[in-house]
Amino acid sequence: MNFKSIFKFTKTTEKLMKKVQEKPLPQHVAIIMDGNGRWAQKKGLPREIGHRYGSEALKEIVKMSVKLDLKYLTLFAFSTENWNRPQKEINALMDLLIEYLQEELEELDKNNIKINVLGDISKFPIHVQKEVNYAIEKTFDNDGLKLNIALNYGGRDDILRAVKNIVKDIELGVLSIGDINEKNFNKYLYTADMPDPDLLIRTSGEYRISNFLLYQMAYTELWFSRPNLLWPDFNQRDFLKAILDYQGRQRRFGGLK
Ligand code: IPE
Ligand code: IPE
Ligand code: MG
């Protein structure tokens with residue numbers, strides 16, 4: 001981009017931002033960052049390079065979330081099914097996660113961001129777990145944007161884990177069957193005490209949920225990008241456009257408006 005187009009880009013981004021800020025913002029945005037592999041393959045590059053550029057896109061979206069003062073941002077980074085990929089790609093994803101945390105943690109912390117993980121990271125290599133846990137500890141007291149990173153996350157796994165913990169609590173006598181309701185079921189999920197996502201964004205033109213927040217998305221507004229918008233190309237303006245689109249929708253939750 002030359003100077004003139006950078007200037008134009010910034011101007012339109014700011015304009016869009018102002019527009020978005022005129023209406024109520026979603027409290028919780030969840031994103032399926034999809035299309036890294038295809039982005040790279042289109043350019044004749046290895047898939048891993050796509051993931052690297054994908055992590056750059058992610059940084060921009062986190063920045064914009066802070067600017068907008070969003071409360072919750074949940075990013076799908078590694079699913080329970082992503083173990084089915086070649087080991088080489090899995091390793092590259094782990095390395096990128098470590099790199100992201102090492103390079104960004106200070107900045108994230110400065111911006112009052114609280115990092116949280118959804119999913120079971122005990123299956124990850126020890127050094128990755130350490131890095132993730134360090135980031136959680138370091139940002140523990142922050143009360144700005146809650147940045148949920150979904151790692152080895154599956155919606156079905158989330159629900160099954162909740163059920164197991166509920167049964168445990170029943171066995172311990174701290175919960176009885178009659179007491180189970182939607183409110184306290186929520187407390188057993190990885191997203192305990194968080195509002196459900198208001199908006200789900202998925203790039204790359206796949207129209208599916210891929211085992212993301214199944215329970216939590218009962219009434220989430222879904223936004224799917226055009227097919228040729230792959231995650232590494234998703235920018236702040238696209239993000240703002242998705243939010244604007246959300247703001248124009250009428251949510252009824254089964255009632256009447
Ligand atoms: C999303 O991009 C990132 C992860 C799943 C970790 P993909 O790797 O799924 O890219 P495509 O969908 O194959 O293009
Ligand atoms: C969903 O994308 C998981 C992440 C973005 C981490 P996938 O690329 O794994 O989903 P499918 O296989 O296309 O459904
Ligand atoms: Mg994919």
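Reader: Which helices each supply at least two residues of the shell around ligand 1?

Author: Happy to start there. Helices are DSSP runs of H or I with at least four residues, strands are E runs of at least two, and both are numbered from the N terminus. In this predicted model, helix H2 (36-42), helix H3 (47-68) and helix H4 (87-110) each bring at least two residues to the shell around ligand 1. With three residues, H2 gives the most.

A word on conventions: residues are numbered from 1 along each chain as its sequence is written, while chains are lettered from A and ligands numbered from 1 in the order in which they are written. Local features need pLDDT of at least 70 and side-chain atom pairs count only at pLDDT 80 or more, whereas totals for chains, interfaces and linings use all residues; side-chain values use heavy atoms, with hydrogens and water left out.

Reader: How many residues surround ligand 1, and which are the closest?

Author: A residue is near a molecule if one of its heavy atoms lies within 4 Å of it. Here 13 residues surround ligand 1, and the closest are Asp34, Gly37, Arg38, Arg47 and Arg85. By class, the shell has three nonpolar, five polar and five charged residues; Asp, Glu, Lys and Arg count as charged, Ala, Val, Leu, Ile, Met, Phe, Trp, Tyr, Cys and Pro as nonpolar, and the others, Gly among them, as polar.

Reader: What lies 2.6 Å from an oxygen atom of ligand 1?

Author: A polar contact is a pair of N or O atoms within 3.5 Å. A polar side-chain atom of Arg85 is the one at 2.6 Å from a ligand 1 oxygen. On its own, ligand 1 has 380 Å² of accessible area, and the protein covers 87% of that, using the Shrake-Rupley method with a 1.4 Å probe.

Reader: Is Asn211 buried or exposed?

Author: Buried means under 20% relative accessible area, exposed over 50%, and partly exposed in between (1.4 Å probe, protein chains only). Asn211 counts as buried because its relative accessibility is 16%. Its place is the loop between strand E5 (199-202) and strand E6 (221-224), and its phi is positive, about 65°, although Asn211 is not a glycine.

Reader: And where is Asn112?

Author: Look in the loop between H4 and strand E3 (114-118). Asn112 also has a positive phi of about 65° without being a glycine. At 29% relative accessibility, Asn112 is partly exposed.

How values were computed: Polar contact = N/O pair within 3.5 Å; in protein donor to acceptor, adjacent residues only side chain to side chain.
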